[in-house]
Amino acid sequence: MMIANSRARGASQLGALALAAVVTAIAVSLASAPPALAQADAIAQEQAEAQAAYDQALADFKKALAERRAQIDGKKKLPNLPGQALYLTRVKVIGTYKDLTDVKPELIGRPNKFKVPPAYFDADIEPLIEEYAALFKVMQAPPSFAQASATPFEDVAAIGTAIARAHGLDDKTAEAAGRISLGIFYAETNGNQNIGNGRSNTYKGSLQTGPAEDRKGRARWAGLKPKIAQVAPDVAKRDAQEEARARGIDQRYNHWTAVRNGLMNAHGDLFAQLPEIMQVLPDEVDQMKFFQLIQIIPSPTRAALASGNFEKYRVTDPKIMGYLRNNAMFAFGKADRARKSANFREILDSMWLFESKFEKARDKYHEIKGG
């Protein structure tokens, strides 16, 4: 009896163990399913949120464009900094579209006429960007007293070349300075002379300088002027004419003096280092990017050049990263904006919104030089 009971208990225990194993297996199976379903739900929710954010940003952009167009067409007084709202809503459209394509890569579409990477821009909204540019053209029109040039591009190239030659550079390198100067002109104003600024009450004119920068450049030009007269007498002659013409007005609204002062303020001394810069950055567009960075973050850019390893020199200061973002670098989408540092190779590569402008400048320079 004891043996029988022992066997019975053993059989019962084995049955219980088998049942427990089945229950455990079922529990494991059930436990493994919810995370997968939860992950799918999370992805779907993230995609829906990204789509909603882009839709809202696009609606806000359209609204801002329509409001400004109605004010302009109705000849109503525009608000202070009338371009700021348009700019911020455009930035948000690009940024939220990048967030959307990050979670739904299948939405990355065809190339666009503005040469924005398709992951950042839906080509279907090209007409909105054209309207954006048209509104800025009205808002930034030169004042009535501005003194235009009949040869604005030739002027920029001639001034840049003359400055380089005054620093003792050979003809070929000096011509690179002329091309780079055109790149700055396009980057700052899209090649439009004497314009205002829809986003700033400080920066004006063909090179978008502030009053202090303009004065500093004017003083530096005066110091270089005797050398300019020796190496480029035609430039010195034209300069005397434009100085007389601009007497009594803000020199930022005479195209010649605005370009001259702007280049001398930020770039003139660096033209002397063009041989070194061209060796470090043999690509012509990269060279223009370098000098545009002198406009935006001059001290770090000069420090990077002096470091002996320009492309790997890293920026970590949050303020400097903020300046870059305010000028369309690392500005679009969560991933870009989360960056806390960047080396100069990464900074140059992030300047894709400038590339079409620099390509136009290069083409214009070749046109000026007869192909």
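**Figure 1. Surroundings of S350 in the predicted model.** In this predicted model, S350 touches A328, M329 and F330, leaving out residues up to four places away in sequence. S350 belongs to the loop between α15 and α16. With a relative accessible area of 8%, S350 is buried, because buried means under 20%. The side chain of S350 also reaches the backbone oxygen of I347, at 2.7 Å.

**Figure 2. A328, a residue with a positive phi.** A328, one of the residues touched by S350, is placed in the loop between α13 (318-326) and α14 (334-337). Its phi is positive, about 75°, although A328 is not a glycine. Most residues other than glycine have a negative phi. The relative accessible area of A328 is 9%, so this residue is buried.

Figure 3. Where does N190 lie? The residue is found in the loop between α5 and α6 (211-231). N190 is not a glycine, yet its phi is positive, at about 60°. Is N190 buried or partly exposed? Its relative accessible area is 45%, so N190 counts as partly exposed.

**Figure 4. A177 and T173 in helix α5.** A177 has its place in helix α5, and T173 is found in helix α5 as well. The relative accessible area of A177 is 0%, which means that A177 is buried. T173 is also buried, with a relative accessible area of 10%. When neighbours within four places in sequence are set aside, A177 is in contact with G160, A164, F271 and L274. T173, not counting residues up to four places away, touches L274, P275 and M278. A177 and V103 are 74 residues apart in sequence, and their C-alpha atoms are 43 Å apart in space.

**Figure 5. The second largest pocket and its lining.** The volume of the second largest pocket is about 210 Å³. Rolling a probe the size of a water molecule over the atoms shows where empty space is left. The lining of this pocket consists of 13 residues, of which A158, T161, A162, R165 and K369 lie nearest the centre. Which helices each supply at least two residues of the lining? They are α4 (152-166), α5 (171-189) and α7 (233-245). Helix α4 gives the most, with 6 residues. Sorted by class, the lining of the second largest pocket has 6 nonpolar, 6 charged and 1 polar residue.

**Figure 6. The salt bridge between E359 and K115.** The count of salt bridges in the model comes to 24. In one of them, the side chains of E359 and K115 meet, with an N to O distance of 2.8 Å. E359 lies in helix α16 (residues 352-368) and K115 in the loop between α2 (84-103) and α3 (126-139), so this pair ties together parts that are 244 residues apart in sequence. How accessible are the two partners? E359 is partly exposed, at 23% relative accessibility, whereas K115 is exposed, at 53%.

**Figure 7. The salt bridge between E243 and R260.** E243 and R260 form a salt bridge in which the closest N and O atoms are 2.9 Å apart. Because E243 lies in helix α7 and R260 in helix α8 (residues 255-266), the pair ties together parts that are 17 residues apart in sequence. R260 has a relative accessibility of 0% and therefore counts as buried. Salt bridges that share partners join E243 and R260 with R218, K225 and D239 into one network.

**Figure 8. The salt bridge between E311 and R345.** The closest N and O atoms of E311 and R345 are 2.8 Å apart, and the two residues form a salt bridge. The pair links distant parts of the chain, 34 residues apart. E311 is in the loop between α12 (298-306) and β1 (314-315), while R345 is in helix α15 (residues 344-349). E311 is partly exposed, with a relative accessible area of 28%. R345 likewise counts as partly exposed, at 22% relative accessibility.

Methods. Residues numbered from 1 in each chain as written. Predicted model: local features only at pLDDT ≥ 70, side-chain atom pairs only at ≥ 80, totals over all residues. Heavy atoms only, no water. 1 Å grid on protein atoms, 1.4 Å probe; cavity = no way out; pocket = protein on both sides within 12 Å on 5 of 7 lines; lining within 4 Å. Points joined across faces, edges and corners; volume = space filled by probe spheres on them. Helix = DSSP H or I, 4+ residues; strand = E, 2+ residues; numbered from the N terminus. Nonpolar A, V, L, I, M, F, W, Y, C, P; charged D, E, K, R; others polar. Salt bridge = Lys/Arg side-chain N within 4 Å of Asp/Glu carboxyl O. Buried < 20%, exposed > 50% of the residue type's maximum accessible area, 1.4 Å probe, protein only. Polar contact = N/O pair within 3.5 Å; in protein donor to acceptor, adjacent residues only side chain to side chain. Contact = heavy atoms within 4.5 Å.
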